[in-house]
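Here is a friendly briefing to read with the model open beside you.

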Amino acid sequence: MVSELVLVRHASPDYSAEVADLERPLTRAGLRSITDAMPRELSLLGKPEHLSVWTSPAVRARQTAEVVARALDYPTSKIDVHPELYAQDESAFRQALKSADGCVVAVGHVPFIENVFAILSGCRMKVQKGSAMCFSFEDDTLEHARLEWYVQGPDASRWETLLVVGDTLSSQARRVQECLDDLLKHPHDAEMLHDFRVSLRTARSLVAFVRPFQKRRQNLSIDMLLSDLQHATSFLRELDGLCDAAAKASKSTENLTLVAACQQARDNERTRLLAYLRRRDTQRKVAEALHGMRNLKWRSGAESSGVSSREFCDEFDRLLDSCRHDYLTVDFNDDENTHALRKRIKRLRYVSENYAGLLGQERASAMKEAKKAQTRLGDLCDARVNLHLIETLDARGAFVGAEEDRDAFVEQERKCEDDILTELAAERTVLLARDRQKHLK
């Protein structure tokens with residue numbers, strides 16, 4: 001005699017899969033959501049003395065039934081396939097129940113489950129994907145049923161957010177490794193260094209953005225490892241920029257020109273960097289950081305309930321509002337604060353580019369806005385870095401015989417800095433006026 005009947009609706013199916021209905025699988029988010037939810041849902045059942053797990057022959061139901069079986073410590077090899085659950089044949093299902101014993105857990109579809117629920121409970125209810133409900137029976141006629149409990153299924157969309165984030169960071173980890181391999185193969189190609197640094201900055205931006213949801217220790221560890229790599233490449237990248245700028249500005253025909261001095265410094269730094277990148281401990285850092293990006297650990301709240309798209313978008317909006325506020329208020333004459341703002345705007349840009357599918361079209365304009373601001377602040381910061389490098393190299397005696405080129409270049413970079421500051425001040429005036437107009441409306 002059946003003493004208990006647990007009805008379970010399968011989790012979210014993948015409607016995009018171009019397969020026959022029987023072969024339609026669960027989405028990754030659907031599978032992930034019930035893998036977490038089923039142990040909690042079915043804990044209400046206790047430990048029945050006699051247990052059977054039935055499933056519709058549809059792939060999505062069978063995948064759900066396997067999760068159910070594991071949650072109940074029931075061998076998946078003993079799951080029984082019942083065609084009537086897919087055919088939605090209530091009469092055949094009722095006959096099968098009369099031949100069963102103990103507790104039956106049946107995984108099926110709607111409207112079948114909703115119809116059985118209505119018959120047994122006396123009321124009709126919409127059953128969400130992944131939901132479970134338990135009825136007990138007083139006799140083998142199955143006429144007198146009592147609803148013991150009902151648990152609404154999980155929201156699979158909350159798991160979709162984490163899966164997309166995981167895929168994005170895993171893809172970025174692959175990009176970092178590819179760029180590093182290319183740099184080691186072509187160490188004299190400045191573009192390879194630039195690509196490697198962009199891959200690191202993008203990775204750090206994506207990791208930093210999910211910090212509220214990821215376990216803090218892992219998040220900070222990944223960022224620290226990536227930061228070490230980025231910091232190690234900074235001086236060479238700055239010297240690459242200085243060499244490019246000096247080549248455009250220098251008109252000297254002397255053997256020891258500004259360009260030659262800058263190139264010598266760059267060659268020395270490249271030798272140092274390549275030795276660093278090929279070291280075993282550096283390779284270990286890379287491997288550890290990329291392993292973390294491919295195997296994210298979420299905080300308890302995100303691990304148990306996922307993250308909604310609304311939570312994710314709210315985090316982006318906070319970053320966007322903060323960048324906009326600081327762009328209108330920061331003192332651009334302050335090198336440190338300007339550089340910090342530039343880095344945060346880069347983060348905004350990389351986040352908007354790589355998480356575009358989660359952020360939605362209404363936030364797509366932020367990417368263009370961030371790119372424009374990043375370029376303008378980048379030109380300002382680059383001019384200041386060039387001036388600092390010239391001062392550093394000059395103190396080492398690098399420009400003996402190239403003083404004329406050096407002075408002309410310094411004058412050019414200072415003018416560039418002044419021009420950008422003037423443009424930023426004018427732009428800020430326009431933006432502030434626009435904001436006042438909005439508030440007046």
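Is aspartate 407 buried, partly exposed or exposed? At 43% relative accessibility, aspartate 407 counts as partly exposed (buried is under 20% relative accessible area, exposed over 50%, and partly exposed in between, with a 1.4 Å probe and protein chains only).

Please keep in mind that this is a predicted model, in which local features need pLDDT of at least 70 and side-chain atom pairs count only at pLDDT 80 or more, while totals for chains, interfaces and linings use all residues. Residues are numbered from 1 along each chain as its sequence is written, and side-chain values use heavy atoms, with hydrogens and water left out.

**Salt bridges**

- The count comes to 29 salt bridges, each being a side-chain nitrogen of Lys or Arg within 4 Å of a carboxyl oxygen of Asp or Glu.
- Aspartate 407 pairs with arginine 406 in a salt bridge, at 3.0 Å from N to O; arginine 406 is buried, with 16% relative accessibility.
- Shared partners link Arg310, Asp314, Asp317 and Arg363 into one network of salt bridges.
- Arginine 146 and glutamate 148 form a salt bridge whose closest N and O atoms are 3.0 Å apart. Here arginine 146 is exposed, at 54% relative accessible area, and glutamate 148 is partly exposed, at 37%.
- Arginine 384 and glutamate 417 meet in a salt bridge of 2.9 Å, N to O. Because arginine 384 sits in helix α15 (residues 365-395) and glutamate 417 in helix α16 (residues 403-440), the pair ties together parts that are 33 residues apart in sequence. Both arginine 384 and glutamate 417 are buried.
- Helices (H or I, at least four residues) and strands (E, at least two) are DSSP runs, numbered from the N terminus.

**Nonpolar cores**

- The largest nonpolar core has 65 residues, and Val165, Leu169, Val210, Met293, Phe312 and Tyr355 have the most contacts inside it. Such a core is a set of buried Ala, Val, Leu, Ile, Met, Phe, Trp, Tyr and Cys residues joined through side-chain atoms within 4.5 Å.
- Helix α6 (residues 156-185) gives the most to this core, with 12 residues.
- Leaving aside residues up to four places away in sequence, valine 165 touches Val210, Leu296, Trp298, Phe312, Tyr355 and Leu358 (contact means heavy atoms within 4.5 Å).
- Another core lies apart from it, with 23 residues, among them Leu26, Ile34, Val53 and Ala61.

**Helix α5**

- In helix α5 (residues 112-121), 7 of the 10 residues are buried, so the helix is largely enclosed by the rest of the structure.
- Among these buried residues are Phe112, Glu114 and Phe117.
- Their cover includes β1 (2-9), α4 (90-98) and β6 (145-151).
- Just after α5, glycine 122 takes a positive phi of about 85°.
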